[in-house]
Amino acid sequence: MADSIVSEKVVVEEVPSLWAGMLAVMKRDLLIAFRQRTDMVNPLFFFVMVIALFPLGIGPEPSTLQKIGPGVIWIAALLSTLLSVDSLFRQDFDDGSLELALLSPQPLFVLAFGKMLAHWLVTAVPLILVAPVLCVMLFMDGDTIMVTLYSLLLGTPVLSMISAIGAALTVGLRKGGVLIAVIALPLYIPVLIFGTSAVEAASLTLPYAGQLAYLGAFLILTLTFAPFAIGTALRISVTSQ
Amino acid sequence: MNRKRKQRLIIVLGVLAAVGLSTALITFALRENINLFFTPSEIAEGKAPIERRIRVGGLVVPGSVKRGDDLQVTFDLTDNAEQITVRYAGILPDLFREGQGIIANGKLISGTLVEADEVLAKHDENYVPPEVQEALEKAGHPKKVPQ
Amino acid sequence: MFEYLKRLYHKFGSPRYFYDLTGKMLPWLVALSVLLLIPGLIYGLGFAPPEKYQGNSYRVIYIHVPAASIAMAGYVMMAVAGVIVLVWRMKMAEMVAKSVAPIGASFAFICLVTGSIWGKPTWGTWWVWDARLTSMLILLFLYLGVMALNAAIENAQSAARATAVLSIVGAVNLPIIKYSVEWWNTLHQPASIRMTSSAIDPEMLYTLLTCIAGFYCLFGALVILSTRCEILSREQRSSWVKKLVGVS
């Protein structure tokens with residue numbers, strides 16, 4: 001009997017790696033999103049309707065629409081991202097799982113990154129898939145549409161992350177919605193400028209690689225530093241209650 | 001290496017890689033001529049794309065302004081090394097005059113002829129647009145704009 | 001020397017010491033700003049030589065340029081205070097950051113309004129999407145965001161920490177935003193306009209520097225006044241404040 005006690009091994013649980021932690025958070029969020037499909041579809045409908053409103057408000061002449069097209073697509077994408085981000089942390093905050101997440105062995109930026117990725121997959125990717133149809137409605141030609149897709153692909157994650165910072169800062173507040181917009185909109189501006197410029201350049205058959213390079217640089221820098229800001233903001237918001 | 005240190009190392013390496021990659025992208029972007037600005041010398045050397053919208057800047061050559069009927073006007077632009085011709089149908093800005101630094105936006109039709117759809121002059125006589133300034137200096141022209 | 005500075009820095013972190021010291025500093029600071037501003041502005045707005053191409057309408061730069069400088073410096077100051085709040089959890093830094101926000105925003109607003117006033121005779125319109133004015137407008141929005149966030153969170157310390165994060169994010173973005181707006185401006189409005197001729201008259205330069213110095217002193221005085229109010233409000237339950245105010 002003494003032998004069996006001595007020979008028992010003590011099992012130490014392996015703490016999951018950063019990558020595993022991120023994947024777990026992402027999978028959970030994707031699962032929740034798919035179970036609440038309306039949340040996925042609303043930003044998409046908003047995107048389509050906002051773009052459809054412009055010809056109705058401004059006039060359907062191809063020349064006008066071609067001129068404002070890049071801006072319209074980008075601003076609609078921007079607003080849709082803003083709209084969808086309020087719910088990013090709110091549910092988790094309300095049911096207490098955000099507080100639990102603060103206690104996890106993973107650093108907070110892993111959580112932020114995972115949630116962000118899930119959110120982008122669920123809200124922005126449908127936008128990007130639908131965008132070509134809307135571009136055709138705005139009389140853009142094939143090459144321009146491709147560049148629009150590239151710019152949206154590079155830019156929407158940045159928009160998501162910036163609005164996530166706003167959401168994280170305001171998650172404890174009851175009426176956080178418009179405040180997120182006030183916080184995030186000035187920070188959107190560089191992405192907006194270079195995104196629309198890339199599409200505009202493409203529509204005039206001018207080179208657009210420089211603009212896309214800037215968007216890429218923004219993407220990489222935001223992916224690196226925003227999760228830290230989001231994590232800090234989440235910690236502040238949750239512990240202030 | 002214990003877990004915390006490994007995590008920190010990953011974070012630091014990640015940040016360094018990100019900063020390096022974005023610097024490379026930004027350097028690339030800065031070198032791209034995203035303003036598509038060309039000097040008369042560059043156009044004369046054939047560096048500007050034909051049938052694409054470009055910006056041209058230079059000084060209006062005295063005596064080269066010819067007005068046709070119907071608001072048509074042609075004039076020559078120089079960077080004191082080479083000269084090109086600009087054709088424009090429209091109202092020229094108030095400050096347009098000979099010796100003035102201006103920028104024309106339009107298409108390069110052929111060789112040294114630019115069909116402009118926009119001609120812009122500056123309000124401040126001492127102000128030379130930075131691109132034109134650089135171009136003038138490159139062509140061996142001193143800083144002061146001749147009056 | 002370094003030890004002395006460190007001690008001074010930590011002393012300033014105490015609200016009571018800050019209150020006492022600034023109480024002594026404030027009259028001097030106000031006097032200095034009045035001394036600099038009144039002659040500076042009167043000379044600049046009235047007597048300095050008119051500019052070669054813009055005549056008298058350029059005179060607003062004696063207010064516009066200091067306001068722009070202070071608006072930007074104020075935001076950086078807020079961001080630095082934010083770093084101190086997050087890293088060292090210094091209460092004084094929280095209060096200073098909270099005070100700077102509305103004052104910096106006001107200077108940004110003054111810069112925009114004076115820029116408009118300058119624009120009307122020069123460009124012919126009240127507003128133009130010039131790179132500088134657009135950047136200043138965005139800076140104003142950033143300030144407003146900080147002020148709104150501060151107002152929305154009830155707990156003073158959490159509000160300070162949240163706005164610290166926001167100020168830092170904004171400060172990091174500020175150069176990027178400025179660069180983007182300037183670049184955007186070259187695409188859409190190549191005829192950007194300089195404020196004065198390239199060789200600035202020495203008389204104008206000295207007047208401008210006087211005005212800038214005077215406005216900075218005014219800014220300092222305003223921030224100190226506001227911070228002192230904040231100290232009294234947040235420390236109202238401590239004994240030294242009660243004694244000061246006369247409540248037993």
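Predicted model: local features only at pLDDT ≥ 70, side-chain atom pairs only at ≥ 80, totals over all residues.

Modeller: The axes of α4(A) and helix α7 (residues 108–137) of chain A come within 11 Å and cross at roughly 155 degrees; axes here are lines fitted to C-alpha atoms, for helices over the stretch in contact, and angles run from 0 to 180 degrees between N-to-C directions. α4(A) is therefore roughly antiparallel to α7(A), where angles under 35 degrees count as roughly parallel, over 145 as roughly antiparallel, 65 to 115 as roughly perpendicular and the rest as oblique.

Residues are numbered from 1 along each chain as its sequence is written, and chains are lettered from A and ligands numbered from 1 in the order in which they are written.

On the α4(A) side, the contact is made by I73(A), A77(A), S80(A), T81(A) and S84(A); α7(A) contributes T123(A), A124(A), L127(A), A131(A), L134(A) and C135(A). Two residues are in contact if their C-beta atoms, placed from the backbone, lie within 7 Å. By class, this contact of α4(A) with α7(A) has 7 nonpolar, 4 polar and no charged residues (Ala, Val, Leu, Ile, Met, Phe, Trp, Tyr, Cys and Pro count as nonpolar, Asp, Glu, Lys and Arg as charged, and the others, Gly among them, as polar).

Helix α4 of chain A itself covers residues 62–85, 24 residues in total, and reaches 33 Å from its first C-alpha to its last, close to the 34 Å expected at 1.5 Å a residue (1.5 Å times one less than the number of residues). α4(A) bends by about 50 degrees at I68(A), with a proline, P70(A), following within four residues; the bend is the angle between axes fitted to the seven residues ending there and the seven starting there.

Chain A as a whole has 10 helices and 0 strands, these being DSSP runs (H or I, at least four residues, for helices; E, at least two, for strands) numbered from the N terminus. Its C-alpha atoms fill a box of roughly 90 × 35 × 30 Å along the principal axes.

Towards the neighbouring chain, 20 residues of chain A are in contact with 22 residues of chain C. α9(A) gives the most to the side of chain A that touches chain C, with 11 residues.
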